[in-house]
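Work through these exercises with the structure open beside you. Try each task before you read its solution.

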Amino acid sequence: MSSLLLISGSLRQGSFNRKLLAEAARLFEADHVVTADLRLPLYDGDLEDAEGIPAEVQALADQIAAADAVVISTPEYNKNLSGVLKNALDWVSRTKGGPWAGKPVAILSATGGRAGGERAQNSLRLCLQPFRPDILQGPEVLVGQCSDQFDANGALSNERYEAVLTTLMQALKARI
């Protein structure tokens, strides 16, 4: 049995990053798939001191710890990962147990621009580095001009992107 956690750096239900994650889950063929909810309060040390780790943050940390592998897909906002995703990483870093340590992680991105989120992926790798996950180095899945890459049902319509995503999901599955 394999469990896969999907984390989208976009909160929008119809986001292309969520569509890309759905395709990743389909190609990974996990027995159990969980989609993380990043609707978290903004990280605030005073809030943490007064109330401790919010329940929704602890739930996310527990999901990371329980998953056999994690796939993160991020949009690129102002040449960086999304604030929503960075906030989640900051909160989870405050939980006990180091849920990311040694965890196989694949990184994806879908963006409106031609580069497909390369800068966002680079910044995400830097943000994850202190947590010591097992980040796959490739192949890179950088879906550019994303509004043209999915069909009406949300499936990837570009065979090249699907082939690269398939290879990445096979590599991720091999790490567990």
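**Exercise 1.** Which residues of H3 are buried?

Solution. Keep in mind that this is a predicted model.

Step 1. Apply the cut-off: buried means under 20% relative accessible area.

Step 2. In H3, Val-57, Leu-60, Ala-61 and Ile-64 are buried. They lie on the same side of H3, because they cover an arc of only 95° around the axis.

Step 3. Turn to the opposite face. Ala-55 and Ala-66 are exposed there, away from the buried side of H3.

Step 4. Look for the cover. S1 and H4 are among the elements that cover the buried residues of H3.

Step 5. Check the length. H3 has twelve residues, and at 1.5 Å a residue they should span 16 Å. The end C-alpha atoms of H3 are 16 Å apart, so the two values agree.

**Exercise 2.** Find the residues that line the largest cavity, and sort them by type.

Solution. 

Step 1. Search the whole structure. One cavity of 30 Å³ or more turns up. The largest cavity holds about 40 Å³ of space.

Step 2. List the lining. It consists of Ile-7, Leu-38, Leu-60, Ile-64, Leu-85, Ala-88, Leu-89, Val-92 and Trp-100.

Step 3. Assign the helices. H3 (55-66) and H4 (83-92) each supply at least two residues of this lining. H4 gives the most, with four residues.

Step 4. Sort by type. Nine lining residues are nonpolar, none is polar and none is charged.

Step 5. Link back to Exercise 1. Leu-60 and Ile-64 are buried residues of H3, and both line the largest cavity.

**Exercise 3.** Which residues of H6 are buried, and which are exposed on its other side?

Solution. 

Step 1. Locate the helix. H6 runs over residues 159-174 and has 16 residues. From first C-alpha to last, H6 reaches 22 Å, close to the 22 Å expected at 1.5 Å a residue.

Step 2. Pick out the buried residues. In H6 these are Tyr-161, Leu-165, Leu-168, Met-169 and Leu-172. They share the same side of H6, because their arc around the axis is only 100°.

Step 3. Go to the other side of H6. Glu-159, Arg-160, Gln-170 and Ala-174 are exposed there.

Step 4. Name what covers the buried residues of H6. The cover includes S1 (3-8), H1 (16-28), S3, S4 (104-110) and S6 (141-143).

**Exercise 4.** Is Glu-48 buried or exposed? Compare Arg-94.

Solution. 

Step 1. Glu-48 is in H2 (residues 45-51). Arg-94 is in the loop between H4 and S4.

Step 2. Read the accessibility. Glu-48 counts as buried, because its relative accessibility is 13%. Arg-94 is at 43%, so Arg-94 counts as partly exposed.

Step 3. List contacts, leaving out residues up to four places away in sequence. Glu-48 touches Tyr-43, Ile-53, Trp-91 and Arg-94. Arg-94 is in contact with Tyr-43, Glu-48 and Ile-53.

Step 4. Arg-94 and Ile-53 are 41 residues apart along the chain, and 7.6 Å separates their C-alpha atoms. Glu-48 and Leu-168 are 120 residues apart along the chain, with 37 Å between their C-alpha atoms.

**Exercise 5.** Where does Ser-82 lie, and what does Ser-82 contact?

Solution. 

Step 1. Ser-82 is in the loop between S3 (69-74) and H4.

Step 2. Ser-82 has a relative accessible area of 0%, so Ser-82 is buried.

Step 3. Leave aside neighbours within four places in sequence. Ser-82 then contacts Gly-9, Thr-74, Pro-75 and Tyr-77.

Conventions
Residues are numbered from 1 along each chain as its sequence is written. This is a predicted model: local features need pLDDT of at least 70, side-chain atom pairs count only at pLDDT 80 or more; totals for chains, interfaces and linings use all residues. Side-chain values use heavy atoms; hydrogens and water are left out. On a 1 Å grid over the protein atoms alone, a cavity is a set of points where a 1.4 Å probe fits but cannot get out, and a pocket is an open set with protein on both sides within 12 Å along at least five of seven lines; lining residues have an atom within 4 Å of a point. Grid points are joined across faces, edges and corners, and a volume is the space filled by probe spheres set on the points. Ala, Val, Leu, Ile, Met, Phe, Trp, Tyr, Cys and Pro count as nonpolar, Asp, Glu, Lys and Arg as charged, and the others, Gly among them, as polar. Buried means under 20% relative accessible area, exposed over 50%, partly exposed in between (1.4 Å probe, protein chains only). Contact means heavy atoms within 4.5 Å. The expected span of a helix is 1.5 Å times one less than its number of residues. The arc is that of the directions from the helix axis to the C-beta atoms.
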